[in-house]
Amino acid sequence: MITRSRPRWQRWGVLAALLAALSGCAVASPVDITKDAANTDVRVVAKIDVQATQVRISYRVENTLGEALWAASAPPALASDPAHPTVSAVPDGSRDGVALALIFFPVRQDLQYVQAPATGVVEVAPHAAAEGTLIVARPFVPFSDLDGDKAVSLPSSPKTVRLCVGYVPASVLPANVRPQNTSGGAPTLARSVAFPLQRIACSDPTPLG
């Protein structure tokens with residue numbers, strides 16, 4: 001678990017983000033999900049079951065690289081628990097939709113961390129695949145771990161949803177950096193290292209009813 005110290009004034013950050021959204025002040029996403037976010041190195045295949053209060057996702061991350069990669073993943077204990085969201089939503093820049101982002105996000109600069117922020121990862125061997133399941137509650141929770149606790153702006157009535165997965169080829173990691181196992185045995189990769197190196201692959205969009 002990541003522990004961080006936070007100035008007292010930042011307790012009001014969430015309220016400020018809500019007020020900014022109501023006032024029409026758009027907050028840009030720190031990652032750009034575009035129409036072409038379907039890297040040829042990796043294919044994300046997702047079956048998204050859209051329900052009134054949630055979406056259920058079964059997905060595969062298929063590695064067609066000639067080397068191993070580390071893909072962002074949700075903690076197994078929470079991946080199927082909508083009360084504890086593990087996937088944040090960001091706007092899908094290619095359409096009036098939402099991308100559920102299982103990716104590496106940048107580290108905030110306005111907080112001091114006791115332990116460096118990290119994201120859970122899974123190793124995918126060359127020409128192999130990793131599978132997972134997610135349950136994400138609706139309405140979708142926008143990514144809000146930005147400086148000042150700001151939340152990114154999502155479409156008010158999104159038409160589509162898709163899953164995007166961030167990954168880092170093993171060869172681009174610095175020689176002295178490797179995923180670290182947590183106390184529970186799950187590997188994690190420091191966000192400060194992974195974010196600037198990551199590539200992003202997305203599934204096809206699914207209409208929201």
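Is Cys-202 buried or exposed? Cys-202 is buried, with a relative accessible area of 6%, where buried means under 20%, exposed over 50% and partly exposed in between (1.4 Å probe, protein chains only). The model is predicted, so that local features need pLDDT of at least 70 and side-chain atom pairs count only at pLDDT 80 or more, whereas totals for chains, interfaces and linings use all residues. Residues are numbered from 1 along each chain as its sequence is written, and side-chain values use heavy atoms, with hydrogens and water left out.

**View A. The disulfide of Cys-164 and Cys-202.** The sulfur atoms of Cys-164 and Cys-202 lie 2.1 Å apart, a disulfide being a pair of cysteine sulfur atoms within 2.5 Å. The pair links strand β10 to strand β13 (residues 199-202), 38 residues apart, strands being DSSP runs (E, at least two residues) numbered from the N terminus. Because the torsion about the S-S bond is about 105 degrees, the disulfide is right-handed. Cys-164 is buried at 0% relative accessibility.

**View B. The aromatic pair of Phe-105 and Phe-143.** The two rings are stacked, 3.7 Å centre to centre with 10 degrees between the planes; rings of Phe, Tyr and Trp (its six-membered ring) pair if their centres lie within 6.5 Å, and planes under 30 degrees apart count as stacked, over 60 as edge-to-face and the rest as tilted. Phe-105 counts as buried at 7% relative accessibility, and Phe-143 is buried at 6%.

**View C. The largest nonpolar core.** Among its 27 residues, Ile-57, Leu-100, Leu-102, Leu-134, Val-136, Phe-140 and Leu-163 touch the most other members, a nonpolar core being a set of buried Ala, Val, Leu, Ile, Met, Phe, Trp, Tyr and Cys residues joined through side-chain atoms within 4.5 Å.

Conventions: Helices (H or I, at least four residues) and strands (E, at least two) are DSSP runs, numbered from the N terminus.
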